Amino acid sequence: MKLVVVTAGLTQPSATRLLADRLTEAVTRRVAEEADVHVVELRELAVDIAHHFVTGFPNARLRAAIEEVTAADGLIAVTPIFSGSYSGLFKSFFDVIDNTALAGKPVLVAATGGTPRHSLALEHALRPLFAYLRAVVVPTAVYAAAEDWGGGGDAFTDGLGERIARAAEELAALLRDRKPGNEADRRPGEETDRRPGDEAGERLVPFEEQLAALRPAR
Amino acid sequence: MVTKVQFGIFSVGDVTTDPTTGRTPTEHERIKAMVAIALKAEEVGLDVFATGEHHNPPFVPSSPTTMLGYIAARTERLVLSTATTLITTSDPVKIAEDFAMLQHLADGRVDLMLGRGNTGPVYPWFGQDIRQGIPLAIENYALLHRLWREDVVDWEGRFRTPLQGFTSTPRPLDGVPPFVWHGSIRSPEIAEQAAYYGDGFFANNIFWPKEHFMRLISLYRQRYAHYGHGTPEQAIVGLGGQVFMRKNSQDAVREFRPYFDNAPVYGHGPSLEEFTEQTPLTVGSPQQVIDRTLEFREYFGDYQRQLFLMDHAGLPLKTVLEQLDLLGEEVVPVLRKEFAKDRPAEVPDAPTHATRLATATATATENENANA
């Protein structure tokens with residue numbers, strides 16, 4: 001089982017990475033099989049991502065990260081909240097990934113911020129982003145404000161530890177139920193039968209079909 | 001003269017400020033510079049000059065057959081082509097007429113490369129929609145293909161008014177339509193289209209890593225064979241290239257760097273060193289350009305046409321002409337010799353009007369004999 005963690009923290013050490021690590025630990029503890037965990041630190045890819053925007057292609061290092069995410073069985077995505085939303089770097093990474101790469105993939109979203117007032121950015125910014133990418137986002141999104149690292153819950157909210165546990169259990173349940181070769185593991189548009197161009201790694205519609213589709217209706 | 005591999009240049013026709021002087025050429029200067037570059041191409045022994053087609057600033061070549069007709073009158077051997085002719089937004093009837101006319105004026109020294117164009121706003125200026133880019137390319141070419149091969153055409157499609165008993169004039173020179181290349185950067189559909197018709201496929205590989213184009217060309221070759229035009233190795237492949245040379249490679253890097261750093265397509269991104277490592281761009285000595293270009297054959301197989309982009313990013317005309325001297329005198333003669341080595345006999349030479357006329361005549365004779 002391959003679990004990939006995308007973290008957009010900028011400082012070293014970073015609260016975002018710390019949250020990512022706690023979520024990762026909580027998830028791997030809950031899945032029976034050995035988890036192959038790969039962490040993608042977007043800070044290290046910041047310039048590569050910018051170059052991709054300019055040139056239109058990923059360099060080798062960025063391509064490797066994109067391939068990791070695309071091949072993951074499950075994804076944990078954590079960003080700091082900047083100006084009321086995900087960081088630009090976080091969004092940029094998902095902008096350069098193929099928009100079908102995450103389809104059907106279980107995703108846990110989480111964020112860090114200075115104030116708890118920005119916690120709904122998870123619901124209003126991250127969740128729609130991953131909905132567009134047709135990922136399966138677990139119901140609990142985890143927000144860690146500065147004060148959460150020290151405090152527990154209160155009358156209205158679970159503490160950070162409980163929320164991490166709940167979100168991790170939701171992702172782990174999806175990963176445990178994953179069947180090899182099920183719909184979620186298959187890229188959309190992919191068919192089981194062979195199509196022309198498979199050998200060359202390209203998929204296409206045979207030309208006669210393309211021509212026929214354009215014939216005027218009688 | 002039989003040319004196994006054609007070497008030439010293609011121009012985007014951009015009007016770009018020279019970053020080293022801050023000077024921007026006028027449209028008039030740029031148009032005249034393109035003509036001077038084409039004439040120089042013939043002078044230094046290159047085979048092909050191809051112009052882009054654009055309908056928005058900062059590009060000048062909106063009317064390729066006008067420019068190519070003028071160049072045709074001032075050259076003797078040069079093959080005149082395009083990179084690319086917009087099959088999506090141009091009426092296929094007008095393309096059929098314009099290029100047949102050019103073919104007559106240039107005594108057959110004409111072919112063309114079809115492409116879709118990539119700028120959304122251009123489409124509605126010509127009554128089209130970029131979301132229909134691929135269907136437009138397919139339908140328009142299906143019509144163009146018939147207009148050059150059938151004297152009287154009845155036609156009905158989705159994107160233009162129907163034709164009843166229409167004859168495109170003039171008819172192609174000697175009844176042989178201009179050879180068509182299909183240019184693509186990313187679309188397997190276009191490789192499939194080129195394969196279906198047995199036309200050429202030009203992969204403009206200059207801005208991206210080679211792995212992507214190896215897949216695309218491999219697909220084209222397999223599908224070319226699938227449609228019965230020959231073996232995969234016999235498919236007609238063209239490639240782009242982008243070079244800047246000086247005798248001394250450090251001089252080339254020093255002189256080209258400001259143009260690279262400010263280039264409209266890739267400037268302000270990766271460094272020159274990163275980009276040359278990841279794409280076919282070569283900045284260095286003529287020998288480095290030779291070595292790099294020879295690698296293309298290993299990656300993509302024996303091919304028929306190599307076009308270089310030489311005159312973009314604000315390089316002054318004088319520099320471009322010096323580059324063409326180097327290309328023609330020091331690079332291409334070596335490439336011609338090396339590309340001919342171990343080239344299997346069944347790999348076709350670059351298609352020209354003469355080779356296509358010979359094939360058409362042979363086929364006609366065969367058919368007559370079969371009917372007799």
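1. Because the model is predicted, local features are given where pLDDT is at least 70 and side-chain atom pairs count only at pLDDT 80 or more, while totals for chains, interfaces and linings use all residues. Residues are numbered from 1 along each chain as its sequence is written, and chains are lettered from A, with ligands numbered from 1, in the order in which they are written.

2. The largest nonpolar core has 95 residues, and the members that touch the most others are B:Phe49, B:Leu80, B:Phe201 and B:Tyr220. A nonpolar core is a set of buried Ala, Val, Leu, Ile, Met, Phe, Trp, Tyr and Cys residues joined through C-beta atoms within 7 Å, and a residue is buried if 20 or more other C-beta atoms lie within 10 Å of its own, exposed if 12 or fewer, and partly exposed in between, with C-beta atoms placed from the backbone. Helix H5 (residues 133-147) of chain B gives the most to this core, with eight residues; helices (H or I, at least four residues) and strands (E, at least two) are DSSP runs, numbered from the N terminus.

3. Leaving aside residues up to four places away in sequence, B:Phe49 touches B:Gly8, B:Ile9, B:Ala38, B:Ala41, B:Ile71, B:Leu78 and B:Leu80, where a contact means that the C-beta atoms of two residues, placed from the backbone, lie within 7 Å. Another core, of 53 residues, lies apart from the one described above, and its members include A:Leu3, A:Val69, A:Ala111 and A:Ala167.

4. Helix H2 (residues 64-73) of chain B has B:Pro64, B:Thr65, B:Met67, B:Leu68, B:Ile71 and B:Ala72 buried. These residues lie on the same side of H2(B) because they cover an arc of only 160 degrees around the axis, the arc being that of the directions from the helix axis to the C-beta atoms. Their cover includes helix H1 (27-43), strand S2 (48-51), strand S3 (79-82), strand S4 (85-86) and helix H3 (92-105) of chain B.

5. In chain A, the axes of helix H2 (residues 42-55) and helix H3 (residues 60-71) come within 9 Å and cross at roughly 95 degrees, so H2(A) is roughly perpendicular to H3(A). Axes are lines fitted to C-alpha atoms, for helices over the stretch in contact, and angles run from 0 to 180 degrees between N-to-C directions; angles of 65 to 115 degrees count as roughly perpendicular. The contact is made by A:Leu45, A:Asp48, A:Ile49 and A:His52 of H2(A) together with A:Arg61, A:Leu62 and A:Ala65 of H3(A).

6. Where the two chains touch, the contact takes 26 residues from chain B and 18 residues from chain A. On the chain B side, the elements that give two or more residues are H5, helix H6 (188-197) and helix H7 (210-226), and H7(B) gives the most, with six residues.

7. Most residues other than glycine have a negative phi, and most peptide bonds are trans. A cis peptide bond with omega about 10 degrees joins B:Pro57 and B:Pro58, and B:Pro58 lies in the loop between S2 and H2 of chain B. A:Arg134, which is not a glycine, has a positive phi of about 60 degrees and counts as partly exposed because it has 14 C-beta neighbours inside 10 Å.

Technical notes. Parallel < 35°, antiparallel > 145°, perpendicular 65-115°, else oblique.
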